[in-house]
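Good morning, and thank you for coming. I would ask you to keep the sequence and the structure in view while I speak.

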Amino acid sequence: MSVRQDEQGLERHAIGLPAVTAQSAALIAPAAGSVAGLAFIVSYSGAATPLAFLIGLLVCVCIALVIGEYARRLPSAGSFYTYLTRTFGPKTGFVTGVALFGAYLLLFPFQLDFFGNFVSSLLATSGVHIAWWVFSAALIILSTTLGVLGIKPSLRTGLIGLGFEMLILTIFSLVIIFKGGAAGNTVQAFNPGASLKGSGGLLTAVVYTIFAFVGFESATTLGDEAREPRRTIPRAVMLTTLVVGIFYVIVSYAVTIGYGVSTKRVSALATAGTPFNTLADRFGDGALSVFVNLAVISSFTALNIVTVVAVSRIFWKMGRDRLLPSAFSRLNARQSPYIACLFSGTLALVASILFGAIYGALTFASWLSYFATLFFIAAYLLISVGLIRFMWRDYRSEFSWARHAVLPLISIVAMIWVLWGNIHPYPPAPLRWFIYATVGVLVISTLIAQWLARTRPDAMQRAGRLLGDVETEREDALAGSGEADG
């Protein structure tokens with residue numbers, strides 16, 4: 001079981017801006033995010049999908065600037081939990097931990113259902129028909145098995161693979177753009193009026209684009225390893241956001257013009273099972289299509305492996321601290337939390353196959369991405385509100401009205417604007433139900449925090465810290481760092 005490098009006595013402050021940015025960007029899995037996101041976004045934003053990604057980029061830039069202000073003063077591995085606990089206290093930290101861990105749990109079946117549907121649809125174009133759940137089961141079995149056996153080499157390979165995937169999709173996009181797509185390059189892709197469902201549809205699409213960015217803030221978890229962390233971490237968060245955001249805009253633009261911006265062609269894109277393969281065959285050759293397929297499969301595989309490791313390590317820590325049954329704290333001969341891994345994998349497998357069979361794999365995956373993003377938006381709102389309080393209370397002499405008042409207010413307004421676009425008018429069911437469910441989870445976790453603060457304050461702080469560590473664990477897993485801490 002790996003731990004933070006500084007806990008092992010290894011060299012601190014050993015990596016610079018390029019390494020921090022590369023690892024943070026890789027954790028987003030932009031190849032998987034672009035392929036998965038477009039499948040849902042186009043049905044709302046239509047030909048304006050590149051605009052939706054551009055808006056998502058601008059929103060995340062504001063959040064990145066807010067996070068950077070925290071990182072300059074609290075360059076620790078605790079990330080959001082540390083920031084919000086220092087600002088509002090351990091109860092808010094606990095609620096944030098619950099929200100973040102819940103969001104990452106939702107990523108499990110999302111990854112499996114989308115992956116299974118993608119591979120099944122891909123093979124169906126060649127006349128091979130295999131049920132999607134077979135591939136979903138194969139992926140989680142692989143990830144869980146590697147988690148039990150020890151996966152350091154696999155995850156380092158995955159980090160290299162994620163860079164390869166971005167390269168392949170960038171080449172794929174530039175080929176389409178240089179060839180002019182279906183009917184030439186056009187600014188119509190950035191016209192709000194090109195949305196299939198009006199302004200409300202565009203704002204709903206922005207929620208999905210923010211989901212595609214999830215992980216851009218993960219550079220903050222490397223505060224102990226980065227050189228000059230008070231400068232490196234804020235820069236890495238911003239650079240990650242810009243690099244990945246520009247990548248998303250380019251890819252979404254290429255795919256949109258590749259199909260065409262007319263209503264008929266956009267509808268065809270929204271219902272396409274494997275749009276990237278269709279375009280790779282149309283504008284490239286057989287080799288390009290093969291590379292695109294390998295990029296998507298590799299991206300989702302690496303992402304699922306990282307998620308299994310991260311979630312199982314949280315379960316293991318909670319078992320060790322007696323917040324879950326002690327069986328979760330058991331390690332095998334390879335120092336792997338095998339029971340926690342098996343539980344995580346089984347939970348993901350049952351949820352993905354059961355609900356995917358009932359509602360459809362792709363439909364269920366789209367619901368989960370929307371639901372998970374609402375939790376992240378809540379965390380981003382708290383961070384933005386918190387910066388004003390944090391700086392005014394603890395760093396009054398450094399307080400800047402532009403950076404510490406206007407900037408977070410812009411971020412807050414952007415988050416509220418996106419949420420309002422998804423509340424009024426109400427989105428179709430079941431998306432509207434997830435809004436209520438998000439509020440319900442936050443309210444219930446707040447009540448639990450109040451109760452634990454009175455009865456078991458130490459347990460509340462431990463639970464919040466552990467749940468809030470999920471992104472740190474994913475970052476460690478992707479780096480493949482360390483061995484057991486025993």
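Thr 87 has a relative accessibility of 1%, and because buried means under 20%, Thr 87 counts as buried. Please bear in mind that what we are looking at is a predicted model. Thr 87 lies in helix H4, which covers residues 79–88. Which residues is Thr 87 in contact with, leaving aside its neighbours within four places in sequence? They are Tyr 70, Gly 386, Arg 389, Phe 390 and Arg 393.

The protein has 486 residues, of which 59% count as buried. Its secondary structure comes to 18 helices and zero strands. Among contacts with a separation of 6 or more, 83% are between residues 24 or more positions apart.

Not counting residues up to four places away in sequence, Leu 100 touches Phe 80, Phe 376, Ala 379 and Val 470.

Helix H5, residues 90–124, also packs with helix H17, residues 457–467. Their axes come within 7 Å and cross at roughly 40°. That angle makes H5 oblique to H17, and the crossing is left-handed. On the H5 side, the residues that meet H17 are Pro 90, Lys 91, Gly 93, Phe 94, Gly 97, Val 98 and Phe 101. On the H17 side, they are Met 460, Gln 461, Ala 463, Gly 464 and Leu 467. By class, this contact of H5 with H17 has seven nonpolar residues, four polar and one charged.

A second pair is formed by helix H14, residues 361–394, and helix H16, residues 431–455. Here the packing angle is about 40°, and the axes are 10 Å apart. H14 is therefore oblique to H16. What is the handedness of the crossing of H14 and H16? It is right-handed. From H14, the contact involves Trp 367, Tyr 370, Phe 371, Leu 374, Phe 375 and Ala 378. From H16, it involves Leu 431, Phe 434, Ile 435, Ala 437, Thr 438, Val 441 and Leu 442. The contact of H14 with H16 has 12 nonpolar residues, one polar and no charged ones. On spacing along a helix, an α-helix has 3.6 residues a turn, so residues three or four places apart point the same way.

I turn next to helix H8, residues 198–213. Its 16 residues reach 23 Å from the first C-alpha to the last, close to the 22 Å expected at 1.5 Å a residue. Of these residues, 14 are buried, so H8 is largely enclosed by the rest of the structure. Just after H8, Gly 215 takes a positive phi of about 110°.

Finally, there is a point about backbone angles. Most residues other than glycine have a negative phi. Arg 322, a residue other than glycine, has a positive phi near 65°. Where is Arg 322 found? It is in the loop between helix H12, residues 286–320, and helix H13, residues 338–359. Is Arg 322 buried or exposed? With 56% relative accessibility, Arg 322 counts as exposed, whereas Thr 87 counts as buried.

Key: Residues numbered from 1 in each chain as written. Predicted model: local features only at pLDDT ≥ 70, side-chain atom pairs only at ≥ 80, totals over all residues. Heavy atoms only, no water. Axes fitted to C-alpha atoms, helices over the stretch in contact; angles between N-to-C directions. Helix = DSSP H or I, 4+ residues; strand = E, 2+ residues; numbered from the N terminus. Parallel < 35°, antiparallel > 145°, perpendicular 65-115°, else oblique. Left-handed = near helix turned anticlockwise from the far one by under 90°. Contact = heavy atoms within 4.5 Å. Nonpolar A, V, L, I, M, F, W, Y, C, P; charged D, E, K, R; others polar. Buried < 20%, exposed > 50% of the residue type's maximum accessible area, 1.4 Å probe, protein only. Expected span 1.5 Å × (residues − 1).
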